[in-house]
Amino acid sequence: MNKHPHDTLKTCRQLTVGGENYQYYSLMAAAEALGDISKLPFTLRVLLENLLRFEDGETVTVADIKAVASWLDTRRSQHEIAFRPARVLMQDFTGVPAVVDLAAMRDAVARGGGDPQQVNPQVPVDLVIDHSVMVDSYASPEAFGSNVKREMERNFERYAFLRWGQTAFNNFRVVPPGTGICHQVNLEYLGKTVWVSEHAGMKFAYPDTLVGTDSHTTMINGLAVLGWGVGGIEAEAAMLGQPISMLLPEVVGVRLTGALSEGVTATDLVLTVTEMLRNFGVVGKFVEFCGSGLDQLPLADRATIANMSPEFGATCGFFPIDQVTIDYLRFTGRDEQSCALVEAYAKEQGLWRTDAEPVFTDMLELNLADVTPSLAGPKRPQDRVDLAGLRSAFDAIVPAGDIDKTSPVAGADYALRQGDVVIAAITSCTNTSNPAVMMAAGLVAKKALAKGLLTKPWVKTSLAPGSKVVTDYLAAAGLREPLNTLGFNLVGYGCTTCIGNSGPLRGPLAAAIDAAGMTVASVLSGNRNFEGRIHPLIKANWLASPPLVVAFALAGTTRIDLSCEPLGIGPDGEPVFLKDIWPTNAEVAEMVAKVSAQMFHQEYTDVFKGDEAWRNLPIPAGQTYAWDESSTYVKEPGFFAVREKLAAGLEGVADARILALLGDSITTDHISPAGAIKADTPAGRYLLDHGIAETDFNSYGSRRGNHEVMVRGTFANIRLRNAMVSGTEGGFTRLIPGGEVMSIFDAALRYAESATPLVIFAGKEYGTGSSRDWAAKGTLLLGVRAVIAESFERIHRSNLIGMGILPLQFKAGESRLTLGLDGTEVVSLRAAAELVPGQDVTLTVQHESGSSRDVVVTSRLDTANEVEYFRNGGILNYVLRGMVEGARE
């Protein structure tokens, strides 16, 4: 709540629900001054309420409020607003470095003469530990206990640090490991749809909104909670009271009609939506769903679609409040007063969905009846493939003449073939939050066993749901045992395979794959399948519904058309087809009816308590953290320094060298991998030098609290292709002059010795994927001053600015290719007398031949606030400057 609202438009009103009085800022009252706002998209109505509530004449003005209403004139705007979310959501891979940053900021404030307590979350923050459990043990009843025990052993130091954070910071809660995935916990428990807080003895009601340090924060938009992923850097600033600076977005409407056909799943739908919207182009835009088809979509289906907003490129994919929303709140055990408040507030504020559609920047339409069974892959979520076309899609990526290659497996009575499924994982909040597809998976398992089918011996199987409720309802439906029999035993309540924590492959398979260079596959119910993400040795990764994951574990190969070829042969010698074991919609609905609100209430009553191992962790004392110099998990970073004097204009960069020449769709996984650390890499050598055995390396994601590991892992993805070392995959470059090939980290060290600034060139969609702030932090620590690309994904562009790196975008028709770059060039950025949003700047590219060329590019500092962050060397230094200067006054 704004503690000092101006309320210039006099919009504060009172709403009484169930005998309780709530103050709220009325959109209907605002319309009296602004004109008709009933055609605004629901997302913009939420932003409008936010501005009404925080209007203070400085960060939010009446002009900002009027700009939202004026959006209707052209259905787009270049007006910058300051958005303040109600809360912040974090997971541990991004949360640990965020808490490290806050601890370091406390030290910096203390050194500047201020009170470390100034560094405290000003809004509620929830951190859910879900990214650290790995699938070491699987296909056994002991798998879950074994993996949880190993997780605690590996991450003892990180978790003790988070326990310190719980006691040291206000407004900061931690959901312990072994509980669930942050987005599913958010959907099933944390999200309120309408938030309530107290101020001056009064209760204020307003839309629940949030930002999160994971790109799939968007899942909560299925519950009509406006939220999206931001980098940890921006989230930390929001925690400290800094508003999110943004331009009023374009809003693309998606009208859904009809209903899904028999046997078609929400997963098939979201993969279709992802393909459609990625082709249309919605990067940096809001997407809002409307139409009669919403009446046919359960909230879990809506959440599945909203979850994959980053994959289709949108900031969010929003579903407005309706009866389906209220029913889900009750279904998941929310109290009756909260449910009644959501309905009354939404109807009073014009936030309740009716037949009257809002006005959108653009409108697309999808008939749900046109959706067919699908997968997506082999390396991008937007590359949807019909089930019948999977074999040909796989064959297209295998080198000519290699399709029939096999590789013997030591000690086994089978050989590995191209396209064999070596991982089948029911994983990820995207699908495990949906009872329909989870029950369908259990039914497929049950029917397969009745037909005498079993999982193929080379397939590593796992079940990692996003909350404990899932295993409760699978057990109640009698479906856990069939899944267990096929090897889909519980391995953990966390992200596991979806984020690359897939663990070792089954037996000697890794050696067989490596020896013959086999192209094998994974099939997972996740949301991402980028190169090198799921497992370093798996080149083809397919996203699919949970029941299809089970089916492919039975088939054991992706070189099959399951629409007409048998999964296998039963004991009676008869072929068994997918249609023989696929459940009907009625059968699925019968199982879903077994899910009860009591299950949610039971599992979430003590959600913050944790198990005995968590409760017994030592908690370091003190309001500032006592850094351990010997730690390889948590180290004080060197990011924070208040600049004594800020340049008025754009400072130039002279004689920079090119660190990497990269192509299109470079993901944050390419830039800062989250998975396994190899011993022969700079990060591996650092850990070995510090006495860490290779078996205890853990993952890059788990070591994000240590900048020494992370900078060495920047651009270390084994599938990275740098055109400066053509024909080579991995984190390598050439040192110029001379041309010596070495790791990107080692080259950066050599350039630092001569104080040579660095730049990176890239193609389209640079920084797609996760909200990974280390993709920007590591880039900064390598000495990179600017990234020049054809286009940027939203979150990574923001993260670059948040770390003081300048994102520059080529004009249409120009690229690193039209410049004829080979990496030997010297690049200079011309200084400018002023620094303003979106300005053109000039690069001078000097070729090795002696010729040079000037090229005009566009600064992607899009807002005035972003300019200020950049001038200060990043957003946290901007916040820190305000604290230190305040202490000096």
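## Serine 672

Contact here means heavy atoms within 4.5 Å. By that cut-off, and leaving aside neighbours within four places in sequence, serine 672 is in contact with Met710, Arg772, Trp774 and Ala775. The model is predicted: local features need pLDDT of at least 70, side-chain atom pairs count only at pLDDT 80 or more, and totals for chains, interfaces and linings use all residues. Residues are numbered from 1 along each chain as its sequence is written, and side-chain values use heavy atoms, without hydrogens or water.

Serine 672 sits in the loop between helix 25 (668-671) and helix 26 (682-689). Helices are DSSP runs of H or I, at least four residues, numbered from the N terminus.

## Nonpolar cores

A nonpolar core is a set of buried Ala, Val, Leu, Ile, Met, Phe, Trp, Tyr and Cys residues joined through side-chain atoms within 4.5 Å. The largest has 295 residues. Phe488, Trp542, Val550, Phe552 and Tyr766 have the most contacts inside it. Helix 4 (residues 92-111) gives the largest share of this core, 11 residues. Another core, of 5 residues, lies apart from it; Val135, Tyr138, Ala464 and Val491 are among them.

## Helix 1 and helix 2

Helix 1 (residues 27-34) and helix 2 (residues 42-54) pack at about 85 degrees, axes 11 Å apart. Axes are lines fitted to C-alpha atoms over the stretch in contact, and angles run from 0 to 180 degrees between N-to-C directions. Helix 1 is therefore roughly perpendicular (65 to 115 degrees) to helix 2.

Leu27, Ala30 and Leu34 in helix 1 meet Arg45, Leu48, Glu49 and Leu52 in helix 2.

Terms used: Helices (H or I, at least four residues) and strands (E, at least two) are DSSP runs, numbered from the N terminus. Buried means under 20% relative accessible area, exposed over 50%, partly exposed in between (1.4 Å probe, protein chains only). Angles under 35 degrees count as roughly parallel, over 145 as roughly antiparallel, 65 to 115 as roughly perpendicular and the rest as oblique.
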